[in-house]
Amino acid sequence: MALRAGANTVKTLEKLGPEEPALILRADAVIEERLLRALLAKTGVILTVLSRQTGKTMALAARVNDKTAAEAAANILQANSLDNSLDGFLYADAEAIGGAYDPILRKQAIPFAARLGDTPKTELEKLTFGASYKGATDFVTKYAWPTPARFVTRWCAAAGFTPNQVTTLSLILMFLALVGFWQGQWLWAVPIAWAMTFLDTVDGKLARVTMTSSKWGEVYDHGIDLIHPPFWWWAWYVGAYSAAEARGQEFLNGYDLALLVIIVGYVIQRIYEGTFLWIFKIEGHIWRPFDFWFRTITARRNPNLFILMISALVGSPEMGIIAVCIWVLASLGIHFIRISHAGILKLRGRPVTSFLKGR
């Protein structure tokens with residue numbers, strides 16, 4: 001983790017050069033990678049936590065300039081309290097060092113730091129998994145998947161499954177769902193589609209908690225996420241058309257236009273997200289609390305799939321196309337208002353920054 005956070009090499013204290021800066025860690029420390037990165041960017045700082053067992057403050061890690069400071073810091077780290085703390089170091093907790101905003105996962109969260117044996121293993125697992133979860137996402141991923149995803153992620157890690165293997169399985173399920181939608185087999189296609197979205201959550205979490213994320217893995221996962229939704233909606237349209245014909249109902253030409261709106265709207269929404277990030281240097285859904293909330297229901301894959309599922313349950317899958325079309329148009333309208341508002345503020349010289357930074 002230290003290497004991933006930016007350290008050049010890992011070595012014992014004895015092999016440290018006289019003038020070599022170092023990050024000193026307790027072997028039983030459990031520290032979030034984001035916090036290690038922040039600690040590496042500082043100097044003369046000791047990371048402290050409050051021990052649950054003793055009720056005293058203890059040190060878990062230190063960032064020092066040379067071997068002399070490293071040896072002094074090592075003595076502090078070996079103790080289970082700061083009763084004999086030394087001058088010359090800045091003692092700070094996780095929030096003071098790492099802040100309370102995670103720019104990568106776009107959420108307000110204090111990085112965790114704890115010690116094995118001092119914190120229950122189940123809680124350490126929850127902290128580790130929670131640190132891998134994005135803040136701004138849809139309501140299914142945010143509220144339905146976290147608990148089952150944690151257990152499945154644990155099982156995958158124990159079984160030796162790699163994130164890319166999980167992504168490949170989700171790709172297979174994506175194609176199976178597409179075939180089911182095309183044939184109008186909602187009974188098994190919809191559950192398979194939800195299983196795919198679930199594994200889409202698991203693969204990223206598995207990569208982060210096992211520290212096996214890679215550039216290829218990100219391209220592989222995000223590429224699938226980016227490409228497949230329009231094909232799902234098209235396949236649903238074909239299946240709904242066949243289902244309507246089987247019932248002897250007329251499939252109106254308006255459904256063709258609705259499908260076109262959904263697909264074009266999906267592309268426009270992706271362009272909007274990229275444009276907002278390019279102009280204002282932040283993602284649009286973390287600008288203000290409203291944008292953060294609206295991300296949970298905006299017309300992305302999971303909310304759209306939920307609408308389509310409801311239409312299938314009530315026996316009118318073709319109406320799901322109309323409902324999604326309406327929601328896509330409404331979402332695009334809201335996005336247009338939001339980016340226009342941000343643009344006006346920028347022209348007036350006012351900053352457009354994430355509300356999460358100021359909380």
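In this predicted model, a charge is said to sit over a ring if NZ of Lys or CZ of Arg is within 6 Å of the ring centre and within 35 degrees of the ring normal.

Q: What makes Arg150 a residue that lies over the face of Phe151?
A: Arg150 lies at 4.9 Å from the ring centre of Phe151, and the cut-off for the distance is 6 Å. The charged end of Lys205 likewise sits over a ring, that of Tyr133, 4.6 Å from its centre.

Q: Why is the pair of Phe276 and Trp287 called tilted?
A: The ring centres are 6.1 Å apart and the planes stand at 50°; because planes under 30 degrees apart count as stacked and those over 60 as edge-to-face, with the rest as tilted, the pair is tilted.

Q: What does the pair of Phe276 and Trp287 tie together?
A: Phe276 lies in helix α11, whereas Trp287 lies in the loop between α11 and α12, so the pair ties together parts that are eleven residues apart in sequence.

Q: Why is the pair of Phe290 and Phe294 called stacked?
A: The centres of these rings are 5.7 Å apart and their planes lie at 10°, and planes under 30 degrees apart count as stacked, so the pair of Phe290 and Phe294 is stacked.

Q: Why does Phe290 count as partly exposed, and what makes Phe294 buried?
A: Buried means under 20% relative accessible area and exposed means over 50%, with partly exposed in between; Phe290, at 37%, therefore counts as partly exposed, while Phe294, with 5%, is buried.

Conventions
Residues are numbered from 1 along each chain as its sequence is written. This is a predicted model: local features need pLDDT of at least 70, side-chain atom pairs count only at pLDDT 80 or more; totals for chains, interfaces and linings use all residues. Side-chain values use heavy atoms; hydrogens and water are left out. Rings of Phe, Tyr and Trp (its six-membered ring) pair if their centres lie within 6.5 Å; planes under 30 degrees apart count as stacked, over 60 as edge-to-face and the rest as tilted. Helices (H or I, at least four residues) and strands (E, at least two) are DSSP runs, numbered from the N terminus. Buried means under 20% relative accessible area, exposed over 50%, partly exposed in between (1.4 Å probe, protein chains only).
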